[in-house]
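Visitor: I have a structure here and would like to go through its side-chain contacts with you. Could you walk me through them?

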Amino acid sequence: VRANIPISASISGISAIVIVAFSAAFFLLPAYRDGITFVALAVTAAGGVGGAFYVGKSLSLQLEHQKQLEAFGLIARWNDPILFHVRAACYEALEVYQKTKDAAAVSALLKEDKQLAQNARNVLNFLEELAIAVRVGHVDEELSAAAFLGLVIRLYEAFQHWINEHRGTANRQDIWKELEGLYDKWKKR
């Protein structure tokens, strides 16, 4: 059950009134001290539990906000003018893939142009970083997907042949595995 109760009085003001009321009742009504003590302890416990829930909710909201900021940070990095050549290489490879629907053609292009291949590695490394951040919960996944889902799917498909060749050449089957996992997860959306 959820209820939203707007409170306009300050917590310290309400606490002061409750303390004064229980203190006065305790001294002015000695016959009811056991009951007053019980009620005061119950109110204290309820306040402590309520405060703990409030702190927990605040920390949860703060964590979600931080994840959103981290996602926006990745979006800003991707759009940074410094990455112009990296993005241009990415789009050049995508154009070849869209025309041919053949990842092997993209792989051939990357084998011919070493600078293009280096930029492709930079793109894949950036997306690997994104994939790791999503997997460990460092970034907000929904916001990240809103910004990068199409790019991850299209680029992984375009570079897949080259990635597999690169894994064989480097003798490391784990290269860009996080990106592959993110691709598998996001293509189901």
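Guide: Gladly! A salt bridge is a side-chain nitrogen of Lys or Arg within 4 Å of a carboxyl oxygen of Asp or Glu. This is a predicted model, where local features need pLDDT of at least 70 and side-chain atom pairs count only at pLDDT 80 or more, while totals for chains, interfaces and linings use all residues. Residues are numbered from 1 along each chain as its sequence is written, and side-chain values use heavy atoms, leaving out hydrogens and water.

Visitor: How many salt bridges does the count come to?

Guide: Side chains of opposite charge can pair when their charged atoms come close. With the 4 Å rule applied, the count comes to 11 salt bridges.

Visitor: How far apart in sequence are the parts that Glu141 and Lys185 tie together?

Guide: Glu141 forms a salt bridge with Lys185, and their closest N and O atoms are 3.0 Å apart. Glu141 lies in helix α6 and Lys185 in helix α7 (residues 177-186), so this pair ties together parts whose separation in sequence is 44 residues. Helices here are DSSP runs (H or I, at least four residues), numbered from the N terminus. The value you asked for is thus 44 residues.

Visitor: Which residues are linked with Glu141 in a network of salt bridges?

Guide: A further salt bridge joins Glu142 to Arg189, with the closest N and O atoms 2.9 Å apart. Glu142 lies in helix α6 and Arg189 in the segment after α7, so the pair ties together parts 47 residues apart in sequence. In the network, Glu141 is linked with Glu142, Lys185 and Arg189.

Visitor: Why is the pair of Phe159 and Trp162 tilted?

Guide: Rings of Phe, Tyr and Trp (its six-membered ring) pair if their centres lie within 6.5 Å; planes under 30 degrees apart count as stacked, over 60 as edge-to-face and the rest as tilted. A search of the whole structure finds 6 aromatic pairs. The ring centres of Phe159 and Trp162 are 6.3 Å apart and their planes stand at 55°, so the pair is tilted.

Visitor: What relative accessible area does Phe159 have?

Guide: Phe159 and Trp162 are 3 residues apart in helix α6 (residues 141-170), separated by about one helical turn. Trp162 is buried, with a relative accessible area of 5%. Phe159 is buried too, and its relative accessible area is 0%.

Visitor: Which residues do ring pairs link into a cluster?

Guide: The ring-pair rule asks for centres within 6.5 Å. Pairs of this kind make a cluster of Trp78, Phe126 and Phe148.

Methods: Helix = DSSP H or I, 4+ residues; strand = E, 2+ residues; numbered from the N terminus. Buried < 20%, exposed > 50% of the residue type's maximum accessible area, 1.4 Å probe, protein only.
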